[in-house]
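Work through the exercises below with the model in view. Try each task before you read its solution.

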Amino acid sequence: MQNSLIDRIEKSLDLDDLEAVRVSIFGKKGELAKAFARLKDASAEEKPKIAKELNALKQTLTEAYERKRAELQERQLQERLEREAIDVSLYSPRAGSGALHPVMQTMDRIIEYFTDLNFAVETGPLVEDEFHNFEALNLPDYHPARDMQDTFYFRDGKLLRTHTSPVQIRTMMKQKPPIRMISPGAVFRRDFDLTHTPQFHQVEGLMVDEKGKVSFANLKWILEDFLHTMFGDVDVRFRPSFFPFTEPSAEVDISCIFCEGKGCRVCSHTGWLEVLGCGMVDPNVFKAVGYEDVSGYAFGLGVERFAMLIHRIPDLRSLFEGDLRLLEQFR
Amino acid sequence: MIVTRRWLEEWVDLEGITTDEICKKLNSIGLEVDSSKSIDIPSKIVVGHVLSCERHPDADKLSVCRVDIGSATRQIVCGAKNVREGLYVPVATVGAVMPNGMKIKHAKLRGVESDGMICSAGELGLPMTEEGILELDESIGALEPGRELLEYRDLCDDIIEIELTANRGDCLSIHGVARELAVGFNRTLKRLDFDGDVTEQIGIGRILQCTHSGSPKVSIVCHAFEIRSIEVPLLMRLRLAFVEQPFESPVDAYLGYAIHTSGVILRSYGFSKISRGEEKAKLVLKEIECGLGAVEFDSKVASIVGVNQSEEVKPDCDEKRIILEASYVSPDVVAPAVKELKLETDPLYYRSSRGSEPDLKFGIDILFFLLKRFADVGIYAGESEYITEKEPVTVDISMEEVESLIGQAVEISEAVTILGKLGFEIHKTEEGHIIAGTPPFRHDISNRQDVIEEIVRIIGIDNIASKPLEFTEANRMSRSLLRHRFLREIRLKAVSRGFFETVHYIFCDNKRVEEFGFEPVRHEKGLMNPITADMDGLRPNLMINMLDSLKRNASMSKRRIALFEIGAVFDSERNESMQMVLAFSGEREPDSVVNAGKPEPIDFASFSSMVSAVIGDFDLVKSSNPSLLMHPYQSADIVKEGVTVGEIAKLHPAVAQKYDLADTFFAQIDISALEPELKCAEEIASLTPIYRDLSVVVSQSTGYSEIRSALLEGGLPAVVESFYPIDRYVDDSLGEDMSLTLRFLIVPREKALEESEINSIMEDILRILQEKCDARLR
């Protein structure tokens, strides 16, 4: 009997089938119940022996059942998993996230560098007056350097700021030294061609402390470190230059990142790319804001230029056109 | 400013220094080199002497020349009009390869043998100094037939273009740049070898009478000369072409050359133009406004010193008697005056506004030296002058200050050497101080820091060791920084929802502003000089310019366009505020196998949920005053904590059509109204929360916002923590009504709620709705 019952368990095709077999063997009217029922007809001396045999049989059958059930469950799970198979390669996600604008990303990185060095961030209005934008910066209205700054004027004499330097003036007039700040933001010049847009972004920095404390050597250190952070392993060169609001002034070049200084179209075959202007704050600027016995440095850069160099963006004007064919590349 | 190496070499010895090294030095001392190029004349091009020149037998425009090229005489056919007997010309001999790659071969032109080519300046790679072939003369050196042209160094010059900063008027001359190089390379600046000897005995007083009235702050010196014959030698023609200085007459060329060499402003007057047939010309220097001086004749203005000159008084080409005027006016006087008086200026004003050379005699000497050498002139003895003495500027420089500004020590002897070579007059050096007078030609130097700048640029910034600054700790978490970080968080949230950041101009088209019913910036406060007619206004909101980007992308077959921007907007009083716009056009999600390539279009609900993922939860209230950009029935105010912070809407279908856009939604948020907030945790109830739905029938005209406020204001039981709509249903049987299902979250506080208690809560809610909104149970 044992073999035929085990055979029935083994031949179950699925869990339903096995359940039917279980009822037929272990159920109230099942084979085992019947066999145990016959026990009462056995003689007293045979009883324990038969009972023992029956219990052993029940044990064996239970084990066979459990084994089969586990096997069928496993098979059923496998079948389900197989049924649920999909072609995962169909679902590579496309166009999931958006992206920050390359100029704004670059601005964020620049801000992050300076704030990590404990610079404060200051902002100011876009509509400015002559005093904050020019005069306080040692640029009287006949100054030849004003030729360089084609300014948008309003009919009431106000103007759109041509650089973020007025924020430095505002901050110095509001706070006492020491000052350690950057002013990021949009600026405006009346210029519109392949390499100029009427609106672009600058980050300018200012450091002011007691007289004798801030030197050109300090300015060099921070700008060299900053440019290495932004552009990696490049050579940095300082060229004396002229800005009305700083003295001594310098323009800062990095070795061309496209040709590694060998000379190419981007660097006009000079091997150098101009990226920054800087200098020691002119005494006339300190005078205009009422500071005495201080020393300081200032620097300024165009964010679009940085973004175009870092991300190899060929066309300046495309940055203001919201064109997804450009923006999607920064995802 | 353009200079040439050979021209510089007349003033400073550059022996053993390559042109590359010159450029490098110029850059390092603050004269930025824009470009540098060399003239390379190929070999086998030699000096030829035209022995004879005859008309070609079969061609009117060709000449057959016999040309002596030293080693031989060649027959060469030439097509230039100016070829003639006796000329010295460049001859490209057979085998020469021209700069354009052409190889010179033996040829036959209309049956006549030609052994080489007589060249024009252009064919040699030089600027065209004249039509036709290049006529050589001895201004470039002795002319020996057969000598290779590349041996003439004035022809094979190196041309360097310098981008001068506005303060360096002193470098607007060859002499000025040479002076800088002399300091940079530590060499000596040469002097002009000319004694100014005027051989003529007739005094200038015979023909010119100069007077002045008032005391203009200018200096002028007048001379006169008689022209017997004048031609412009090749060297001058060539160099003026190198430095892109055109001239109209020989006198003009000599003046231009002397100005470019010396930096002194020189002007010429035709004697016949100002003498009015009299024996003597009478000029009056008259003080006009702002300290300027006008030169007048016969009560007419001939010129304003440093500013302009009347065309009427310039000499004609055949004028034989020339009055020469050298002048100077300080840029501090002339620049504000020109601006103030709105004077017209001529090209020389560029020099005077940046500071021309005040040593007038130097410019005059150079001009006379050139005239004596290359032309035949008679110079009148004496001169007539009016000089305004310049206040000398003396500066006291402390070496300690130099050290603290630069960040490293400089030897006092080194500083003295540098300043001396730069033209400073060293008055005294003692105890770490230098007392020095600034050079008269350096208008840009007036204080100590200016002088330190000079020392720095000659030492070379690259030779200053960089040093990190030691500074005091301070809290620099300015409001602007916190704001930047908060906005960055918001920007990143927008990005993670699939939006792309854009930047648009703050300028916009006022016509469009008005078309959409917004108020442009008031005229009196408007832009005076817009760059283009369609950028004449300032944007009143961000969406107005965003439309162009949406359109551009739609036209580029983008099916799903999600853009955002944070930027400044302006009201009619031109007050600035910061706004954020999120705009979504087209398909809600990317087309893919998931949606069988046909995603649903964006709708109000899904767009709103995107916006809330960016700026947090908010309530929507039917828009009280939708703009013309908005769909009047799909527009809402965004309300956060009871404050309206923005608006959200479907783009008006008429606008969408105009810009070729699919269904488009946008939200404009007053970003300054959003603040990062620190949340406080509330106690979490230990009992299980219960959800209950309630369906009521109300009039379709009842907005959900009314139902919402009715419940909030009508005494909702405290255990109801929140509620929200989950279904709206309309069918014929309901007529003008609708069925609205709300879901309530009930959070028991102290004890679990019996079913009967929950029912009573729901009855309370129903009662509020019945009373306030005329609702009935569905």
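Helices, of at least four residues, and strands, of at least two, are DSSP runs numbered from the N terminus. The model is predicted.

**Exercise 1. Describe the make-up and overall form of chain B.**

Step 1. Count the elements. Chain B holds 19 helices and 36 strands.

Step 2. Look at the extent. The C-alpha trace of chain B spans about 130 × 80 × 60 Å along its principal axes.

Step 3. For 778 residues, a compact globule would have a radius of gyration near 28 Å, but chain B has 42 Å.

Step 4. Turn to burial and contacts. Of the 778 residues in chain B, 40% are buried. Among contacts in chain B with a separation of 6 or more, 69% link residues 24 or more positions apart.

**Exercise 2. Find how domain 1 of chain B meets domain 4 of chain B.**

Step 1. Locate the two. In the domain assignment, domain 1 of chain B covers 2-39 + 158-184, and domain 4 covers 394-439 + 446-463.

Step 2. Take the distance. Their centres, over C-alpha atoms, are 23 Å apart.

Step 3. Count the contact. Domain 1 of chain B brings 7 residues and domain 4 of chain B brings 8. On the domain 1 side, helix α3 (residues 174-184) of chain B gives the largest share, 4 residues. By class, that side has 3 nonpolar, 3 polar and 1 charged residues.

**Exercise 3. Work out the strand order of the open sheet of 5 strands in chain B, and say which strands stand at the edges.**

Step 1. Read the order. It is β5-β4-β3-β6-β9 in chain B, with antiparallel pairing.

Step 2. Find the edges. β5 (73-78) and β9 (117-118) of chain B each have a single partner strand, so one side of each has no neighbour in the sheet.

Step 3. Check one pair. β3 (residues 45-56) and β4 (residues 59-68) of chain B are antiparallel over 7 bridges. Val50(B) has Val67(B) in β4(B) as its bridge partner.

**Exercise 4. Trace the pairing from β30 to β32 in chain B.**

Step 1. Start with β30 (residues 630-640) and β31 (residues 643-651) of chain B. These antiparallel strands are joined by 7 bridges. One bridge links Ala636(B) to Ile648(B) in β31(B).

Step 2. Inspect the turn. β30(B) and β31(B) form a hairpin with 2 residues between them. In that turn, Glu641(B) has a positive phi of about 50°.

Step 3. Move on. β31(B) also pairs with β32 (residues 664-670) of chain B, antiparallel over 5 bridges. Here Gly646(B) has Ile669(B) as its bridge partner.

**Exercise 5. Describe the contact between chain A and chain B.**

Step 1. Count both sides. Chain B gives 77 residues and chain A gives 69.

Step 2. Find the main contributor. On the chain B side, α13(B) gives the most, with 8 residues.

Step 3. Sort by class. The chain B side has 33 nonpolar, 25 polar and 19 charged residues.

Note on methods
Residues numbered from 1 in each chain as written. Chains lettered and ligands numbered in written order. Predicted model: local features only at pLDDT ≥ 70, side-chain atom pairs only at ≥ 80, totals over all residues. Pairing = 2+ DSSP bridges. Rg over C-alpha atoms; globule rule 2.2 N^0.38 Å. Buried ≥ 20, exposed ≤ 12 C-beta atoms within 10 Å, placed from the backbone. Contact = placed C-beta atoms within 7 Å. Nonpolar A, V, L, I, M, F, W, Y, C, P; charged D, E, K, R; others polar. Domains from an automatic or database assignment.
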